[in-house]
Each structure stands twice: as C-alpha cells, then as structure tokens.
Amino acid sequence: ELETGRTSTITHHIMGFDEEGNVINEKAKKNHLTSRDIVLESKKVITFADLCGHEKYLRTTIYGMSSVLPDYAMILVGGNMGVSKMTKEHMGICLSLKIPIIIIITKIDIAPKNKLDETIATITRLLKLPGVRKVPYLIKKHDDIALVAKNVPNDNIVPIFQISNVSGEGIENLKTFYNLI
C-alpha cells in the first residue's frame, strides 16, 4: 500500500468527540493517546472502515460494505480527477445496500475551477437519475450542516462537501457534520 498509494485492505479508524463537539483525536496527536484513551475520553465515537477505491480491489470493497453494513458511506472524489468509473460503481453498491451516501470532494486546492465545476455537475446529475432520485446538497456554509445532518439518515439527501487536506478548507464543516450524525 505504501508503494502504490492505494488501499488494498480494510482498515478501521476511530474519531472521538467530547461534550462540546471537540475532536478528541486532535489531543491524541499531541499527547500520544491510544485508541483506548480516545474511547475513554469521548462522549461519542465514530468508527470508520477505510475500503479500497481501485478497481483491482473491488471485491474487497464489496466484502467490506456488505459485511460491515455501515450506517453511512463516504465516497471520496478527487476534485482534480473527476468522477471515475469506480465512483459510479461505489455509488451503485451503496444504493443497492441502501446505505446513505456522503460525497466528499477532495484536493480542491489543486483542482482547476472548470474541473471542479464539472465534477460537481456530474455528481449532481448522477444523484438525480431516475433510478437514484437523491437530492444533492452542496455544503456552502456552516449553517447548512445541521439541516443536512438531520435529513441524511432518511436516505433522500446527499451532502456534498468540498475539502482540502493541505489548506484545511472545509475540514471543520466535515467534523461538525460527523459530530451531528
């Protein structure tokens, strides 16, 4: 995985929140907290199952989705790459398993504006297809998050977050969303 940069196995990560909605994991980076410490200090814990995105490992992803049956599925789309065949495949898996979808567009700091706009338009078009019938909701401001978090479990609305792991843009909105769902 380190050599190719591709996830080929199923891994699990946790994120803990305190009473005020602060992420415990951020303290963990400074204080070297273990997973056990994070769980003990948290009021709420979310478990993430990191699955494969590459076509070569589709069977592993299907196994992970069907055996874990997550509450939500986050589909990451590179803003600089656009919607791929595998993005569509992963959306199809989520739809067939009736798992609510959350779209996260990454790398917005390096995505050309026209490519980012095209990516958002393609995602919106896919979500509105007759067999899908989801309401795409582009998160533009912090106030959008509570509304979306309330409606995502009903599996009719699909939030679309735009983030940059380099600049940090959009990350706080995503953390707030995780705390609310």
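Colleague: Which side chain meets Glu118 in a salt bridge?
Modeller: Lys115 does, at 3.5 Å from N to O. Keep in mind that this is a predicted model.

Colleague: Where do Glu118 and Lys115 lie?
Modeller: Both are in helix H5 (residues 113–127), three residues apart, which is about one turn of the helix.

Colleague: And how do Glu118 and Lys115 count for accessibility?
Modeller: Glu118 counts as partly exposed at 43% relative accessibility, and Lys115 counts as partly exposed at 24%.

Colleague: OK, how many salt bridges does the count come to?
Modeller: Five. One of them joins Lys175 to Glu26, with the closest N and O atoms 2.0 Å apart. That pair links distant parts of the chain: Lys175 sits in helix H7 and Glu26 in helix H1 (residues 24–31), 149 residues apart.

Colleague: Is Lys175 buried or exposed?
Modeller: Buried, because its relative accessibility is 16% and the cut-off for buried is under 20%. Glu26 is partly exposed, at 34%.

Colleague: What else does Lys175 meet in a salt bridge?
Modeller: Glu172, at 3.4 Å from N to O. Glu172 and Lys175 are three residues apart in helix H7, so about one helical turn separates them. Glu26, Glu172 and Lys175 are thus linked in a network of salt bridges.

Colleague: Switching to packing: at what angle do H6 and H7 pack?
Modeller: About 40°, with the axes of H6 (residues 144–151) and H7 (residues 171–180) 9 Å apart. That makes H6 oblique to H7, and the crossing is right-handed.

Colleague: Which residues make the contact?
Modeller: Ile145, Ala146, Val148 and Ala149 from H6, with Asn173, Thr176, Phe177 and Leu180 from H7. By class, that contact has six nonpolar residues, two polar and no charged ones.

Definitions and conventions:
Residues numbered from 1 in each chain as written. Predicted model: local features only at pLDDT ≥ 70, side-chain atom pairs only at ≥ 80, totals over all residues. Heavy atoms only, no water. Axes fitted to C-alpha atoms, helices over the stretch in contact; angles between N-to-C directions. Helix = DSSP H or I, 4+ residues; strand = E, 2+ residues; numbered from the N terminus. Parallel < 35°, antiparallel > 145°, perpendicular 65-115°, else oblique. Left-handed = near helix turned anticlockwise from the far one by under 90°. Contact = heavy atoms within 4.5 Å. Nonpolar A, V, L, I, M, F, W, Y, C, P; charged D, E, K, R; others polar. Salt bridge = Lys/Arg side-chain N within 4 Å of Asp/Glu carboxyl O. Buried < 20%, exposed > 50% of the residue type's maximum accessible area, 1.4 Å probe, protein only.
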